[in-house]
Amino acid sequence: MEIKRANKFVEFMKKFGLYIAVGAVVLIVSLTLGITAALRDDGVPTTTPELQFHLPMQNATIVKDFSSTELQENETLGQWEAHLSIDFASDDSAVMAVLGGTVQSVTTDTLNGTTIVIAHSDGFVSTYSSLADSAQVKEGDQVEAGQKIGDASNSAGREEYLGAHLHFTLEKDGLKVDPNNYLELQNK
Ligand SMILES: [Zn+2]
């Protein structure tokens with residue numbers, strides 16, 4: 001019985017072995033192609049339409065620029081610190097959302113003044129500090145790019161010496177990034 005069965009297997013393999021081998025090769029090749037295609041998709045940035053950033057203030061001047069490596073003197077706190085944000089000042093105090101999104105929080109504390117945090121697509125989060133109490137949005141609100149959300153003031157205790165200004169921070173995927181790389185700031 002054992003021998004018979006073995007012989008049947010040998011016969012089976014003689015008849016169909018080639019097909020099985022070819023099938024296996026085709027399967028392996030298509031799997032490999034599929035996997036490399038998937039990897040290639042991950043490596044190349046997805047072609048989402050370019051995000052159009054609005055400026056957070058009209059006709060603004062940068063009173064303190066972004067700096068991740070050079071420490072800048074904070075005259076209010078009397079210490080040197082990195083400034084992972086841009087401070088804008090303008091005759092027009094209106095502050096606008098740089099992208100459309102959802103308001104995550106509106107808070108007020110003595111160091112940062114009134115602060116609005118907005119979550120956007122593509123992992124962007126924008127934060128607007130040193131705003132006047134009169135925020136024009138609340139948590140959960142949907143905002144459009146360029147929509148007014150509040151007014152710049154000198155409410156941020158940590159940067160009082162700068163006068164009325166917007167302390168603007170941009171994050172991408174949880175990391176603070178240089179807004180200069182995203183906003184079109186001509187009058188630097
Ligand atoms: Zn600042």
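This is a predicted model: local features need pLDDT of at least 70, side-chain atom pairs count only at pLDDT 80 or more; totals for chains, interfaces and linings use all residues.
Visitor: By what rule are helices and strands numbered here?
Guide: Helices and strands are DSSP runs. A helix needs at least four residues, a strand at least two. Numbering of these elements starts from the N terminus.

Visitor: Is Asn59 buried or exposed?
Guide: Exposed means over 50% relative accessible area. Asn59 has 67% relative accessibility, so Asn59 counts as exposed.

Visitor: What is the phi of Asn59?
Guide: Most residues other than glycine have a negative phi. Asn59 is not a glycine, yet its phi is positive. The value is near 50 degrees.

Visitor: Which strand holds Ser130, and what is its phi?
Guide: Ser130 lies in strand S8, residues 124-131. Ser130 is not a glycine, but its phi is positive. That phi is about 65 degrees.

Visitor: Is Ser130 buried or exposed?
Guide: Buried means under 20% relative accessible area. Ser130 comes to 0% relative accessibility, so Ser130 counts as buried.

Visitor: Which residues coordinate the zinc ion?
Guide: The coordinating atoms lie at 1.9 to 2.4 Å. His83 gives NE2 and His167 gives ND1.

Visitor: Are Asp87 and Glu159 buried or exposed?
Guide: Asp87 and Glu159 are buried.

Visitor: What is the arrangement of the 6 donor atoms around the zinc ion?
Guide: Six donors count as octahedral if opposite donors are over 155 degrees apart and all others between 65 and 115. Here the angles run from 57 to 149 degrees, which makes the arrangement irregular.

Visitor: How many helices and strands does the protein have?
Guide: From the N terminus, the order is α-β-β-β-β-β-β-β-β-β-β-β-β. The count is 1 helix and 12 strands.

Visitor: What percentage of the 188 residues is buried?
Guide: The protein exposes about 11,700 Å², with carbon and sulfur atoms supplying 56% of that area. Of the 188 residues, the buried share is 33%.

Terms used: Residues are numbered from 1 along each chain as its sequence is written. Side-chain values use heavy atoms; hydrogens and water are left out. Buried means under 20% relative accessible area, exposed over 50%, partly exposed in between (1.4 Å probe, protein chains only). Donors are N, O and S atoms within 2.8 Å of the metal (3.2 Å for Na, K and Ca); water is not among the atoms, so sites may look incomplete. Four donors count as tetrahedral if all angles lie between 85 and 135 degrees; four count as square planar and six as octahedral if opposite donors are over 155 degrees apart and all others between 65 and 115; anything else is irregular. Accessible areas come from the Shrake-Rupley method with a 1.4 Å probe; for residues, only the protein chains shown count as cover.
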